[in-house]
Amino acid sequence: MKQLVNTFLAILIVAFGLMFLASRLNSAEGYSGGNTLTIYNWGDYIDPELLEQFQEETGITVIYQTFDSNEAMLTKVEQGGTVFDVVVPSDYAIAKMREENLLLPLDHSKLPNLANIGSKFMDLSFDPGNLYSVPYFWGTVGIIYNPEMTEGIDFSSWNSLWDKRLDNNIFLVDGAREVMGMALNSLHYSVNDRNEEHLQEALAKLNRLSPNVKAIVGDEIKMLLANEEAAVGIVWSGDASEIMDENDKLDYVVPEEGSNIWFDNMVIPRGAANIEGAHEFINFMLRPDVAAQNTEYVGYSTPNVPALDLLPEDISGDERFYPPAEITDRLEVYDNLGKRMLAHYNELFLKFKMNKK
């Protein structure tokens with residue numbers, strides 16, 4: 001009998017050990033709940049000190065995971081193997097997630113700090129009424145350039161990129177929407193154009209740009225441009241701000257033909273395990289002091305109006321990153337093109353990249 005009892009106790013100890021190990025593994029994989037919050041965000045897109053502050057103020061443990069594209073994020077959320085409580089997708093991805101019933105509606109009564117967001121950033125086409133999303137950062141796509149390396153070229157037009165003096169001297173960000181959108185804008189077409197003739201015209205024009213393109217790169221574009229490995233880059237405005245902090249010789253412009261204006265918003269995906277904690281985190285990020293600190297760290301433009309008053313004038317007053325209405329009025333949000341058309345954009349972009357090689 002004593003041996004049976006000892007065996008039973010040993011089995012219990014092993015079972016509890018396995019349960020504890022499974023719990024730890026689930027937390028590491030993003031299976032949150034209880035006093036844990038799993039956040040899925042872009043890389044280097046939040047001040048780590050704010051995550052620590054949130055944990056100290058609330059007692060909620062944060063598990064933080066990152067993605068490098070909306071497409072990668074969508075794939076992981078759609079698969080459903082990992083539970084996320086807060087995700088930070090871009091505008092067109094939010095529209096797609098709404099269509100596919102991947103989001104939970106927000107309880108605005110738990111988000112009193114939502115009142116800090118400027119009205120022009122609310123009720124946009126990808127989420128009317130902000131039923132599912134809350135603004136996080138916004139920005140533009142444009143040209144960053146080194147005046148000392150570009151022989152007086154005027155970059156107020158996208159067409160300046162085809163100047164023969166820029167031979168092997170341009171870095172392009174590795175994004176189909178950004179590069180195809182730039183080519184379409186240079187032809188005075190929309191970044192959301194679905195006309196096949198226009199798309200083929202844009203591809204042909206991109207192919208003519210190939211001699212000037214040094215490389216098509218990802219996050220390393222920031223380091224490469226700051227180190228003057230090329231004179232020009234097509235980048236998001238926040239990346240431009242970060243690059244210019246490293247090298248003040250560079251400048252940034254949104255070309256006159258138009259460009260993309262984008263919005264990254266916080267959402268709660270369907271299947272979230274800590275909905276209460278998710279609301280608490282979103283409301284925390286909407287505090288003016290938190291938004292201002294986060295803006296200084298990340299470098300992108302904040303939609304939080306009271307936070308602007310807490311920022312240095314050289315940030316909040318910089319029209320390159322907080323452009324006036326005459327510029328923003330000619331910019332476009334990326335539409336959700338649908339799976340077939342988005343795949344076609346990706347295919348055309350791949351053809352351009354293959355031609356570059």
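Predicted model: local features only at pLDDT ≥ 70, side-chain atom pairs only at ≥ 80, totals over all residues.

Residues are numbered from 1 along each chain as its sequence is written, and side-chain values use heavy atoms, with hydrogens and water left out.

**Terms**

- On a 1 Å grid over the protein atoms alone, a cavity is a set of points where a 1.4 Å probe fits but cannot get out, and a pocket is an open set with protein on both sides within 12 Å along at least five of seven lines; lining residues have an atom within 4 Å of a point.
- Grid points are joined across faces, edges and corners, and a volume is the space filled by probe spheres set on the points.
- Helices (H or I, at least four residues) and strands (E, at least two) are DSSP runs, numbered from the N terminus.
- Ala, Val, Leu, Ile, Met, Phe, Trp, Tyr, Cys and Pro count as nonpolar, Asp, Glu, Lys and Arg as charged, and the others, Gly among them, as polar.
- Domain bounds come from an automatic or database domain assignment.

**Largest pocket**

- The volume of the largest pocket is about 930 Å³.
- Its lining has 36 residues, with Trp42, Asp68, Ser69, Val173 and Trp236 nearest the centre.
- Two or more lining residues come from each of α3, α4, α5, α7 (221-226), α8 (237-246), β9 (261-267) and α14, and α14 gives the largest share, 5 residues.
- The lining of the largest pocket comprises 15 nonpolar, 8 polar and 13 charged residues.
- Domain 1 (12-137 + 264-317) and domain 2 (139-261 + 323-355) each contribute at least three residues to this lining.

**Second largest pocket**

- The second largest pocket has about 390 Å³ of volume.
- It is lined by 19 residues, and Ser241, Glu242, Asp245, Gly299 and Ile315 are the closest to its centre.
- At least two lining residues come from each of α8, α10 and α12 (313-316).
- By class, this lining holds 8 nonpolar, 4 polar and 7 charged residues.
- The second largest pocket lies between domain 1 and domain 2, because both give residues to its lining.

**Cavities**

- The whole structure contains 3 cavities of 30 Å³ or more.
- The largest cavity has a volume of about 90 Å³; 13 residues line it, and Pro135, Tyr136, Met285, Ala291 and Thr302 are the closest to its centre.
- β4 (133-145) and α10 (288-298) each provide at least two residues of that lining, which consists of 9 nonpolar, 4 polar and no charged residues.
- The second largest cavity, at about 50 Å³, is lined by Glu71, Leu74, Tyr92, Lys96, Asn336, Gly338, Lys339 and Leu342.
- In the second largest cavity, α3 (70-79), α4 (91-99) and α14 (339-356) each supply at least two lining residues.
- Both domains give residues to the lining of the second largest cavity, so it lies between them.

**Ser186**

- Ser186 lies in helix α5 (residues 176-186) and counts as buried at 3% relative accessibility (buried means under 20% relative accessible area, exposed over 50%, partly exposed in between; 1.4 Å probe, protein chains only).
- The side chains of Ser186 and Lys205 form a polar contact of 3.1 Å (a pair of N or O atoms within 3.5 Å; within protein, one must be able to donate a hydrogen and the other to accept it, and residues adjacent in sequence count only if both atoms are side-chain atoms).
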